[in-house]
Amino acid sequence: MMGWMLSSAVLTLTVIALRCALRGRISPRTQYALWLLVLVRLLVPVSFGVSSLSVMNALPERVQVVRSDTKPLDGGTEATPAAPVQDAAGPASPDSTRSSQPDAMPAAAAPAGGRTAVRWETLAGAVWLAGTAAVGTVFLAANLHFYGTLRRSRRKIECQEAGLPVYESCAIETPCLFGLFHPAVYITPEAAADGETLRYALAHERTHCRHGDHLWALLRGACLALYWWDPLVWWAAELSRRDAELACDEDAVRGLGEHERAAYGRTLIRMTCEKRAAPLLTATMMTDSARGLRECIALLVKRPKTTARAAFAVLAVLSLSAACTFTGGTSGAPTEPGAVREEAGRDGGSLLPDAEPYIPPNNMEPDIVSADAMGDVLCDETMPDGTRIVCYWEPGSEYTKYWAVRRGDTLLRFCAEDSAYGGEYGAEPFSNVLGQDGFRILGPRGAGYFAYDYYVLDGEGVPRLLAGCANHVEEADFNGDGETDLRWFYHGGREITTCFRYDGGLYTSPAYTPTFETDRYLAAYGSAVRLTLLADSGAVDGSMDLPEGAYGLNLLEELTCTPLETAYAGSGRTIRLRLAGQEDSYFEFYEGTNIIGYFGGSGAAFYEVGGIADALRVGYFISDSPAQDGETFFDLMMRLYREKEFDTLRGAAEQTLISDRGQTLREAAQEWMDACQEVHLSVPSGSPEKFTWVKNVITPKDDVTELLRQQGEIDENVYCFGLTVVFVPENELALVYNMAGNTDAYGDPNNGYPVFEDAEVPDGAYIYSRQCRITREADGWHGSIEGTGGY
């Protein structure tokens, strides 16, 4: 965070200095473009690589700090640094001043009441979040209020040459451009009454729209909400707004012609209101200070151009600034990582080529408090060696909780967490992981995933973090050295980390060798996959690609899979699932069974699937529909295949172009909708989207169309229509998939739907309605389904 703040401040000051040094020597458009780099730095909090030029090299190394209100482990006034993880199982260092008998810690060692001060990081984060929410609320409220004022006072003016909607409003002091997705020009009654003033005002605001200044104003507001505490950002926002006006004037004059420069300048001065601009308003108001007006007039008269020498200076300074502010510092980078990679192929197996030294991310230095400091207990587990691990709320806090080793009336705290989660915390032992024995703590650290932190006790019995793991942890020998390693996944498998021991130290690598558990997790959450349907003969009967995290695949992770002793030789159809980019491993699901086959580098393995009903309740599955009677796991995967098959076909059908042959709106809409609904009839029998009969009834909505046109939401080429669909589902599952809030039995006099004079409607039909649009364009008619609640 400090690095982000420092780099953005340095870059902002550089652009301000460059702006002042080259004022009058570069064009206003170039001057305005300088702020793009600052905007990116303010809104993108990441660094790209490391560099010795980075300003982040000026930051001091981050150090651990013991809370001032707690007593250090030795009872003195200074805390001893944490022992290295590699030495966690060995004796304490000779110069350690801690007690050699941690089991005998007296209750009096802790401060009375066990109260601690709130960590400054937590307080600062809360203050920043509150300020951001407050400024963001003001930003939103100001623009909504301004929009409401304009709506109440505006009168539309027909002005075809403007290219934008134009309104007259007595509620504004100067002409302006306002609106995010549908910007419009608002002018004062005085400007509307004078032809020349109106023409220049429209030229000015059209240029603002062409520059996208209404969008840049929104991004400026976002920066002010995020950096509400930084006066430098407020200053930069004001200067960039002023440069937007100067660039607009330059381009407006270019469009009008040089012969109108003087007249445009006089009109601009007459229209501009001398007052401070509202920084949180996204309207391009013609307001400025006296100094800003003088600068505007001077540049209009001077007509600055960007010379080759000035352009070179700008490019050189910005390139150097980007190198200094968009890269990370080298001080925290591991020394000589190449030395590790050179050892590849010796003892570290396939993981070493991309390995880096691993340093566990400790979040606090252990301290001692009284057991009276505990609030409600979330976890209380005793390990096989007698170590008692507790997790508890800090009294009076809704966010802070601690992990500690309890010994009688004292607590040795070793980990702090700030979150609102209040359940599913636990602790359990581990053995011979990364060459160590110890315990791991687990609990929710984010929406929908758990974290696992592995701890070992050092020579004094103090827990030291061995490895901090994210969601879904595997313990196995991943690099073939005979020792149990760790592999964890972050953000659903988008980031994979394998941690292993080599030459006395810990290393991590993003490389991995496929295993059943790893690939199962990646298929469920973190990788795009290809599903291939194979006929009984083995011939390919169809295939499709599913994106990362496709709906329904998380069922794979929720299942229980029991290894089979013997290979399975199935018959019938097979569904094969292969991860994107993975050629050496894949899964197979066999018709009529609950068996999964996994084929990887170590050969084939087969598993019996269990817990399907529980998995469907825990995870999201296709349309949230339960397993049907007699459905096997293959049937569920076939259902998923057919649903994705339908989605692909229906998506293509909705893009169908209806050629314009002079047909009516109703005829074009009927033709488009029939093409869409034909997919329900053409999919194979057994598909969860299969219909045996369907009828589409189109009802043009001329009143809705006219209203939306008056409101400026659609143009004259868009038409609204209502759709009523009568259909017969092939089976109960097809009805479940097509059951929406307004789906009902056809012919029921109580549901409000019409009964069509059509003897063809079969028994067992259902009916629903949708709101749609169809647009006439140069190449034909394009339709869209808007939903059930509005057009």
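Leu215 is partly exposed, with a relative accessible area of 41%, where partly exposed denotes the range between buried (under 20% relative accessible area) and exposed (over 50%), for a 1.4 Å probe and protein chains only. The model is a predicted one, in which local features need pLDDT of at least 70 and side-chain atom pairs count only at pLDDT 80 or more, whereas totals for chains, interfaces and linings use all residues. Residues are numbered from 1 along each chain as its sequence is written, and side-chain values use heavy atoms, with hydrogens and water left out.

Leu215 belongs to helix α7; helices (H or I, at least four residues) and strands (E, at least two) are DSSP runs, numbered from the N terminus. Together with Leu180, Phe181 and Leu218, Leu215 makes a nonpolar surface patch of about 390 Å². Patches consist of residues with over 30% relative accessible area and no salt bridge, like charges being joined within 9 Å and nonpolar side chains (Val, Leu, Ile, Met, Phe, Trp, Tyr) within 5 Å. Accessible areas come from the Shrake-Rupley method with a 1.4 Å probe, and for residues only the protein chains shown count as cover.

Helix α7 (213-226) also contributes to a pocket lining, being one of the elements that give two or more residues to the second largest pocket. The others are α4 (120-153), β1 (154-157), β2 (166-169), β4 (184-187) and α18 (702-710). The largest share, six residues, is that of α4. The volume of this second largest pocket is about 1100 Å³. On a 1 Å grid over the protein atoms alone, a pocket is an open set of points where a 1.4 Å probe fits, with protein on both sides within 12 Å along at least five of seven lines, and lining residues have an atom within 4 Å of a point. Grid points are joined across faces, edges and corners, and a volume is the space filled by probe spheres set on the points. The lining of the second largest pocket comprises 36 residues, and those nearest the centre are Pro165, His182, Pro183, Ala184 and Gly712. By class, 18 of the lining residues are nonpolar, 10 polar and eight charged; Ala, Val, Leu, Ile, Met, Phe, Trp, Tyr, Cys and Pro count as nonpolar, Asp, Glu, Lys and Arg as charged, and the others, Gly among them, as polar.

With a salt bridge taken as a side-chain nitrogen of Lys or Arg within 4 Å of a carboxyl oxygen of Asp or Glu, the count comes to 26 salt bridges. Arg576 pairs with Glu588, the closest N and O atoms being 2.6 Å apart. Arg576 is partly exposed at 22% relative accessibility, while Glu588 is buried at 8%. A network of salt bridges with shared partners joins Arg29, Glu250, Asp251 and Arg254. Within helix α8 (residues 231-256), Arg254 and Glu250 are four residues apart, which places about one helical turn between them. The closest N and O atoms of their salt bridge are 4.0 Å apart. Arg254 is partly exposed, with a relative accessible area of 42%, and Glu250 is buried at 14%.

A further salt bridge joins Arg520 to Glu517, with the closest N and O atoms 3.1 Å apart. Both residues are in helix α13 (residues 516-526), three residues apart and separated by about one helical turn. The loop between β20 (505-509) and α13 holds Tyr512, which is partly exposed at 25% relative accessibility. Tyr512 is 14 residues from Thr498 in sequence, with a C-alpha to C-alpha distance of 6.9 Å.

Most residues other than glycine have a negative phi. Asn432, in strand β13 (residues 426-433), has a positive phi of about 55° and is partly exposed at 40% relative accessibility. Leu434, in the loop between β13 and β14 (436-446), likewise has a positive phi, near 55°, but is buried, with a relative accessible area of 1%.
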